[in-house]
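User: I'm new to this one. Can you walk me through it?

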Amino acid sequence: MKRRTFVQLLAATPLAPTIQAKGDAPKYKVVTPYKPAAMPGMPGPYPGKVVSVKSAKCLSEDGLKIDGEAVREMMERGMRALAGDAKAIDSWRRFFTPDDVVGIKVNAGGRPWVVSSHEIVAETVRNLTAVGVKPQQIYIYERFQGQLDQVNYAPSLPEGVNIFAAERANARNDNQNYDPHVYVEADFFGEDDTRSNMMRLVSQKLTKIINIPNMKDHGATGATGCLKNIAYGSFSNVARTHNRGVSQTLSFVGALAAVEPLRSKTVLQIMDGLRGVWHGGPFAPTLKYVFFPRTIMFGTDPVAIDRLLLDVIDDERKRHGAISIWNRDEKTLDFNNGGDRDKDPNVNIIIREPGHVEYAGNLGLGVHDKREIEVKEIEL
Amino acid sequence: MRPGAVACVFALMALFTGFSADRVRKQAAAPADAPSTAPLIYWSAGVETAEALKRAGIERIAAPPDKAEAWRGAGFKVVAAGQAEFDRREKLLTPRIAGRADVASATRRPWIDANGWRFARNPAGEFYYDLPQGKAAMAIAEAFAYNADAVLKIDPADLAEAGAMFAFIKNLTGENYPPVADIGVIDDKSPETGEVMNLLARRNLLFDVVAVPAPQFRVNIKLGSKEYPRAEAANPSEFAQKIRRRLGDENRSLRVYGTETVICRLTGDGARARLSLLNYSGREVGGVRLRLRGNYGRVEARAFGLARVEPEDFVNDETATEFSVPRLGIYAVIELKK
């Protein structure tokens with residue numbers, strides 16, 4: 001058999017910058033043939049701008065039920081405030097055209113309590129179809145099919161919307177849905193497979209992406225919001241960045257988010273903060289550490305939103321007397337014992353790296369300095 | 001050499017080495033399209049089970065000495081193998097995932113029981129497997145990939161699968177070339193050096209056993225030397241990692257991406273190469289990515305159970321060839337030509 005294609009990736013060398021992180025951060029080799037858009041989606045047209053919409057009505061008093069009508073109002077007000085339009089549909093039209101193939105990067109990892117909620121995802125799809133994007137051109141996506149199956153978005157969505165996972169489960173058996181021509185190579189801990197590849201869906205099919213993360217604590221990154229959801233949720237082989245109490249997420253989250261075409265295509269961030277998890281994240285199998293911010297944040301700048309998220313999670317932890325996400329005391333570390341971490345919010349399994357948000361800001365993905373972040377708060 | 005002389009040689013070999021001479025004779029008599037070395041199933045049942053073997057397409061077996069003649073009478077090529085034969089041979093591990101070596105590690109590299117390093121350590125060695133159900137095909141593939149002289153005691157329930165693997169091997173084109181290696185290992189026959197070889201093979205760090213440091217290798221390892229103190233080998237995984245760093249990933253003849261459960265053997269003669277992929281996970285792996293040093297223009301892949309698979313997503317530059325194997329069961333063979 002003769003080669004069907006002959007791709008000279010060396011030709012892409014000018015697009016393959018080497019990121020040398022500060023300190024002892026690893027050296028990254030970024031390989032992609034894609035060029036950035038004239039205005040990359042991150043940080044997009046509204047760098048440093050965050051609209052935060054809060055509604056007491058969006059959840060039942062006990063926080064267990066979501067009110068779809070309240071969510072719809074929050075979404076409308078948030079999008080209008082972000083883009084400055086009288087009508088929400090005009091704001092959506094600023095981002096999407098009927099020709100777009102739109103990916104919605106959900107987060108299904110915090111099931112059942114802290115996932116991208118059906119109501120927000122459905123409202124997002126409704127607005128896209130209102131713009132003229134056909135359901136068949138919309139892809140709800142995650143990395144793992146097992147997680148998507150459990151969350152089960154289909155009943156909330158119009159017929160025709162695609163629900164796509166790159167892998168059946170987190171078992172490293174499925175690589176066909178990752179693009180071998182777009183990857184970041186780094187050797188973190190001597191792992192054999194040193195590449196993380198971008199999903200083909202992202203690199204080859206989608207024209208725009210909406211990122212819908214949650215407000216979550218994270219054992220490795222301190223908090224997981226826009227940046228980690230889009231980065232670790234669009235690439236393969238990322239769990240390798242955590243090892244024996246050490247995490248390389250400080251630099252890797254931003255390094256992945258900055259890879260083209262992911263950076264250019266991710267045009268809208270909608271952070272689902274109806275519910276959040278302040279410890280044990282990114283998982284939320286029980287209500288033990290779940291809290292209820294009753295908030296949705298909107299923006300195009302993932303760094304600015306995540307900078308606010310760090311405080312949301314840390315403040316909630318303080319309220320419960322738990323150690324800060326910034327705590328680097330190795331005495332808190334019990335890296336072999338996830339069970340103890342789940343029992344005790346003062347146990348870490350990894351030294352957290354909330355600095356990943358600033359690092360991503362330094363890569364040009366957004367505004368990290370709180371003094372430069374404009375927050376428009378709306379309370380309904 | 002005249003036919004009579006050949007018979008004499010075999011008789012002498014049989015006199016001194018018994019089974020092995022018989023094996024050599026059998027291989028010499030093998031049809032032209034048969035692989036140069038194929039493992040042998042040990043079949044202890046009587047000749048009344050011949051139909052089952054025929055249905056599986058198996059025509060060559062090792063059998064207890066008292067049954068060998070009957071099997072020959074039934075039309076099989078037979079090597080007589082008594083208990084003494086197995087006592088003499090080195091017993092191999094059942095090829096499989098044996099657990100996770102480091103559960104706390106996010107790299108979560110699974111521990112694999114594999115025998116390739118034993119074959120590489122002792123290419124002239126004689127081995128046998130005693131396999132539980134479900135492992136015959138994998139063991140046949142493993143032994144064949146390393147051109148090893150191995151006899152397999154299998155579970156009768158695996159007969160059809162074993163036969164299918166033999167048929168797959170028989171239909172392979174290409175040849176077994178000399179092993180390609182980046183690392184020379186000077187073997188002091190110690191268990192520590194064996195474990196180092198095991199870990200090198202596990203990481204697809206290609207090595208060959210040499211008597212003295214060989215200039216063609218970037219790295220030569222002699223355990224107990226100043227560069228490689230014996231104490232360091234107490235942690236063979238770390239030791240293998242040290243060797244990997246010393247070699248440099250960019251200088252490796254082979255890189256494997258997208259799996260932690262596939263061990264490869266690469267053979268080649270400079271212009272052609274054969275890459276054998278052994279998947280120990282027990283599950284199909286999709287999209288294994290391979291990078292080989294050298295500019296190969298022609299690549300053919302065959303995967304057991306999947307017939308011919310089309311390598312895809314080629315990247316080729318002056319120094320290396322990259323491609324993906326879309327689907328991989330337990331075994332695939334890739335033939336490459338420059």
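User: What share of the contacts in chain B with a separation of 6 or more comes from residues 24 or more positions apart?
Analyst: That share is 67%. Keep in mind that this is a predicted model.

User: How many helices and strands are there in chain B?
Analyst: Chain B has 10 helices and 20 strands.

User: And what percentage of its residues is buried?
Analyst: Of the 338 residues in chain B, 41% are buried.

User: Which domains is chain B divided into?
Analyst: Domain 1 covers 1-30 and domain 2 covers 33-171. Domain 3 runs over 183-250, and domain 4 over 254-337.

User: What separates the centres of domain 2 and domain 3 of chain B?
Analyst: The centres, taken over C-alpha atoms, are 29 Å apart.

User: How many residues does each give to the contact?
Analyst: Domain 2 of chain B gives six residues, and domain 3 of chain B gives eight residues.

User: Which element supplies the largest share on the domain 2 side?
Analyst: Helix 6 of chain B, residues 116-121. Four residues of that side come from this helix.

User: What classes do the residues on that side of domain 2 divide into?
Analyst: In domain 2 of chain B, the side touching domain 3 of chain B has four nonpolar residues, one polar and one charged.

User: Switching to chain A. How do helix 1 and helix 2 of chain A cross?
Analyst: Helix 1 (residues 68-83) and helix 2 (residues 88-95) of chain A have axes that come within 8 Å and cross at roughly 60°. That angle makes helix 1 of chain A oblique to helix 2 of chain A.

User: Left-handed or right-handed?
Analyst: The crossing of these two helices of chain A is left-handed.

User: Which residues make the contact?
Analyst: Helix 1 of chain A uses Glu76(A), Met79(A), Arg80(A), Leu82(A) and Ala83(A). Helix 2 of chain A uses Ala88(A), Ser91(A), Trp92(A) and Arg94(A). By class, the contact has five nonpolar, one polar and three charged residues.

User: One more spot. Where is Val102(A)?
Analyst: Val102(A) sits in strand 4 of chain A, residues 102-105.

User: Why does Val102(A) count as buried?
Analyst: Because 23 other C-beta atoms lie within 10 Å of Val102(A), and the cut-off for buried is 20 or more.

User: What does Val102(A) touch?
Analyst: Leaving out residues up to four places away in sequence, Val102(A) touches Phe96(A), Leu128(A), Val133(A), Gln137(A), Ile138(A), Leu206(A), Lys208(A) and Ile210(A).

User: And how many Å separate the C-alpha atoms of Val102(A) and Pro285(A)?
Analyst: They are separated by 30 Å, and the two residues are 183 residues apart along the chain.

Key: Residues numbered from 1 in each chain as written. Chains lettered and ligands numbered in written order. Predicted model: local features only at pLDDT ≥ 70, side-chain atom pairs only at ≥ 80, totals over all residues. Buried ≥ 20, exposed ≤ 12 C-beta atoms within 10 Å, placed from the backbone. Contact = placed C-beta atoms within 7 Å. Domains from an automatic or database assignment. Nonpolar A, V, L, I, M, F, W, Y, C, P; charged D, E, K, R; others polar. Axes fitted to C-alpha atoms, helices over the stretch in contact; angles between N-to-C directions. Parallel < 35°, antiparallel > 145°, perpendicular 65-115°, else oblique. Left-handed = near helix turned anticlockwise from the far one by under 90°.
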